[in-house]
Amino acid sequence: MVKRVRVRSLMPPGHVRAPAYLRGKTGVIERSLGAFGNPEQLAYGLPAEKKPLFRVRFTMAELWGDQAERPADTLDAEIYGHWLEEVPDHAP
Amino acid sequence: MGGDAAGPVPMEGHDFALWEKRVDALMVLCSSKGHFTVDGLRRALEDMGEDAFEKHSYYERWIAAVNQNLVEGGVYTLEELATRMDEIAARGATYGEAARG
Amino acid sequence: MPHDHHDHDHDHDHDHHHHGLSPSGHPYRQDDDAPLTYWQRMEIAVRELLIEKGVTTAAEIAGQIDLMDSRSPANGAAVVARAWTDPAFKSRLLDNAGDASREMGFDIGPLHLIAVENTADTHNLIVCTLCSCYPRNLLGLPPDWYKTRAYRSRAVREPRAVLTEFGLDLPDSTTIRVHDSTADMRYIVLPARPAGTEDLTEAELAELVTRDCMIGTGLPRTPQTGATAG
């Protein structure tokens, strides 16, 4: 089953590994990568909780709309689970 | 910066200078010994602001980030750094003279 | 130290600086004979303090530089050529590229590596928009263009325009998959084996594999052009 997710559109100051251009964008989980130390804690020298990391695939149409060179081309990025929210399949 | 407008990709390259290779080595060694994390370096690089990217070269930004993390980690103090940088300036006018090899 | 630069030995320097280009054809960045910069002073100070505090030694730093210098796209090329000739290895590479590279004897440290395969209708391109993540423990240090604002900004929005600048015009029937190394994984492209290479040995195949074709900004050489391509 394809799992659809949206990158949370929070914009805190400081070090976050979810790129700004992907925030608020919807994609599908391409694969699970396992758990890794939370960079938001590692970056400040703090003990880091392990967080699940996913490779999420977005279409260029989703990212850039009409500006996409070829809408069906894709972009994959690694996003931590706490930056993803599930999108129900029947969502508008 | 992903998705920002930008000009053509500049294709020219250069071979790394000795001081640049040393910055790279210090980054790898200190992080493998647990004095900072790669995330800590990235955070310091980002905190320099966008214009640091225009004003400074890659390894200039990286030595600044390495230093920032080592000071924060208490490996040495800013006073020790500043005193040493002053001494080094007096050794000679070129990298070779100042680095003593 | 193996990396000594001889600041007063100008004849020696000039022997190595033919026409201002290095053996790889790149201009040397000015170093010993240019005025000492603030950042160079910082590097010297940080290094000396780290040695005095017992964090590292001059020999360890020299050894790390040697290790990094020993890593080059040739390592990746050997991995790719093995995958082209050994289907079982290719399957292990696509399953876990880090372990497959270690299996070939490459010291890639704790690198988490994913290989993405180019096929008849799919082309992969690697970028890191957040910093300059690159499979450095396999391929060596990244080329300068990989770290530029232009490449990092544009590869995710207009990969086709970027590839055109690299001399690669892909047909509309090819799907481009861009991979942004945003966290803990590093990526290498497994290019498609060029046609007409059935008779080549694994070593000859490795000669066709360029650095850029493992980043996705190029294609492997073909046997016809292999002898002359830079």
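This report walks through chain A, one of its histidines, and the interface of chains B and C.

What you see is a predicted model, where local features need pLDDT of at least 70, side-chain atom pairs count only at pLDDT 80 or more, and totals for chains, interfaces and linings use all residues. Residues are numbered from 1 along each chain as its sequence is written, chains are lettered from A and ligands numbered from 1 in the order in which they are written, and side-chain values use heavy atoms, with hydrogens and water left out.

**Chain A**

Let's start with the fold. Chain A has 2 helices and 5 strands, and from the N terminus they run β-β-α-β-α-β-β. Here helices (H or I, at least four residues) and strands (E, at least two) are DSSP runs, numbered from the N terminus. Of the 92 residues in chain A, 45% are buried; that word means under 20% relative accessible area, with exposed being over 50% and partly exposed in between (1.4 Å probe, protein chains only).

Now pick out His15(A), which sits in the loop between β1 (4-7) and β2 (26-37) of chain A. Is His15(A) buried or exposed? His15(A) is buried because its relative accessible area is 2%. Beyond its neighbours within four places in sequence, His15(A) is in contact with residues including Pro39(A), Tyr44(A), Asp39(B) and Arg42(B); contact means heavy atoms within 4.5 Å.

**Chains B and C**

Over at the other interface, 65 residues of chain B are in contact with 64 residues of chain C. The two chains bury about 6100 Å² between them, 62% of it on carbon and sulfur atoms. Buried area is the accessible area (1.4 Å probe) that two parts lose on being put together, summed over both. Asp15(B), Met85(B) and Tyr95(B) supply 10% of the area that chain B buries against chain C, more than any other three residues.

The rule finds 9 salt bridges across this interface of chain B and chain C, each a side-chain nitrogen of Lys or Arg within 4 Å of a carboxyl oxygen of Asp or Glu. On the chain B side, the elements giving two or more residues are α1 (18-32), α3 (50-55), α4 (58-72), α5 (78-89) and α6 (95-99). The largest share, 13 residues, comes from α1(B).

Here are two side-chain pairs that link chains. A polar contact is a pair of N or O atoms within 3.5 Å; within protein, one must be able to donate a hydrogen and the other to accept it, and residues adjacent in sequence count only if both atoms are side-chain atoms.

| Pair | Kind | Distance |
|---|---|---|
| Glu80(B) and Lys53(C) | salt bridge | 2.6 Å, N to O |
| His15(A) and Glu46(B) | polar contact | 3.0 Å |
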